Amino acid sequence: MENSKQEQTLVRKFEKVNRILEKHSYNQSDLIGILQEIQEEYRYLPEEILTYVATALGVSPAYVYGVATFYAQFSLKPKGKRIIRVCDGTACHVRGSQTVLKAVREYLGLKPDEDTTPDLLFTVETVACIGACALAPAMMIDDQVFGQMDQEKVEQTLESIIQEEKGEEANVFSQ
Ligand code: FES
């Protein structure tokens with residue numbers, strides 16, 4: 001009795017995961033697609049969800065964990081709502097991408113071992129060429145490219161995104 005209560009609580013907790021699993025008919029061979037959709041929903045793959053998925057699919061947690069860690073597209077750490085990708089390809093590197101990266105990290109107050117802000121608003125990554133070499137040094141925030149970055153431009157850009165986010169938050173609360 002106690003067990004089935006616990007099971008029901010677990011099922012409710014992972015309702016979104018259950019919907020994804022159902023969509024894939026609990027098919028073990030769809031594991032990558034399942035994990036992709038879960039990551040879209042949560043922005044990363046929480047460990048407890050990986051264990052839950054393993055149980056639901058009838059495979060070992062080690063197997064699911066192995067797939068999740070094998071592919072670079074999956075993240076086992078929480079990611080921010082906005083993803084900043086500082087380009088460190090050759091053109092950007094020679095034109096000062098490290099200065100851009102430093103400016104971004106400093107503005108966000110990231111500690112050396114952090115890539116994501118504690119409020120989960122930003123994650124900072126470095127990437128190879130984003131195809132905007134003429135605008136080097138360049139970076140992306142989500143899908144938008146920002147070129148010819150320097151410290152001042154980094155600060156202005158991030159400030160406007162933060163204001164945008166505050167506006168959205170205020171809208172949510174006023175609804
Ligand atoms: S190297 Fe940075 S956009 Fe190409």
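Modeller: Start with proline 137, in the loop between strand 2 and strand 3 (139-141). This is a predicted model, and the peptide bond from alanine 136 to proline 137 is cis.

Biologist: What is the omega of that cis bond from alanine 136 to proline 137?

Modeller: Omega is near -5° there. Most peptide bonds are trans.

Biologist: Where is serine 25, and what is said of its phi?

Modeller: Serine 25 sits in the loop between helix 2 (15-23) and helix 3 (31-42). Its phi is positive, about 50°, although serine 25 is not a glycine. Most residues other than glycine have a negative phi.

Biologist: Why does serine 25 count as exposed?

Modeller: Count the C-beta neighbours inside 10 Å: serine 25 has 7. The cut-off for exposed is 12 or fewer. So serine 25 counts as exposed.

Biologist: What makes leucine 120 partly exposed?

Modeller: Leucine 120 has 14 other C-beta atoms within 10 Å. Exposed needs 12 or fewer, and buried needs 20 or more. The value 14 falls in between, so leucine 120 is partly exposed. Leucine 120 lies in the loop between helix 7 and strand 2. Its phi is positive too, near 60°.

Biologist: Now helix 2. Which of its residues are buried?

Modeller: Val17, Ile20 and Leu21.

Biologist: How do you know that the buried residues of helix 2 line one face?

Modeller: Look down the axis of helix 2. The buried residues fall within an arc of 100°, so they line one face. An α-helix has 3.6 residues a turn, so residues three or four places apart point the same way.

Biologist: What does the face of helix 2 turned away from the buried side carry?

Modeller: That face carries the exposed residues Glu15, Arg19 and Glu22. On the buried side, the cover includes helix 3 and helix 4 (47-57).

Biologist: What makes a set of residues a nonpolar core?

Modeller: The members must be buried, of nonpolar types such as Val, Ala or Met, and joined through C-beta atoms within 7 Å. The largest such core here has 17 residues. Val86, Val100, Val104, Ala138 and Met139 touch the most other members. Strand 1 (82-87), helix 7 (97-108) and strand 2 (122-127) each give two or more residues to this core. Helix 7 gives the largest share, five residues.

Biologist: Which residues does valine 104 touch, leaving out those up to four places away in sequence?

Modeller: Ile84, Val86, Val124 and Val154. There is also a second, separate core of 14 residues, which includes Ile20, Leu35, Tyr52 and Val64.

Biologist: Step back to the whole protein. How many helices and strands are there?

Modeller: Eight helices and four strands. From the N terminus on, the order is α-α-α-α-α-β-α-α-β-β-β-α.

Biologist: Why is the protein called more spread out than a compact globule?

Modeller: Compare two values. The radius of gyration is 20 Å. The globule rule gives 16 Å for 175 residues. Along its principal axes, the C-alpha trace spans about 60 × 40 × 30 Å.

Biologist: What share of the 175 residues counts as buried?

Modeller: 20% of them. Take the contacts with a separation of 6 or more as well: residues 24 or more positions apart account for 60% of these.

Definitions and conventions. Residues are numbered from 1 along each chain as its sequence is written. This is a predicted model: local features need pLDDT of at least 70, side-chain atom pairs count only at pLDDT 80 or more; totals for chains, interfaces and linings use all residues. Two residues are in contact if their C-beta atoms, placed from the backbone, lie within 7 Å. The radius of gyration is taken over C-alpha atoms; the globule rule is 2.2 Å times the number of residues to the power 0.38. The arc is that of the directions from the helix axis to the C-beta atoms.
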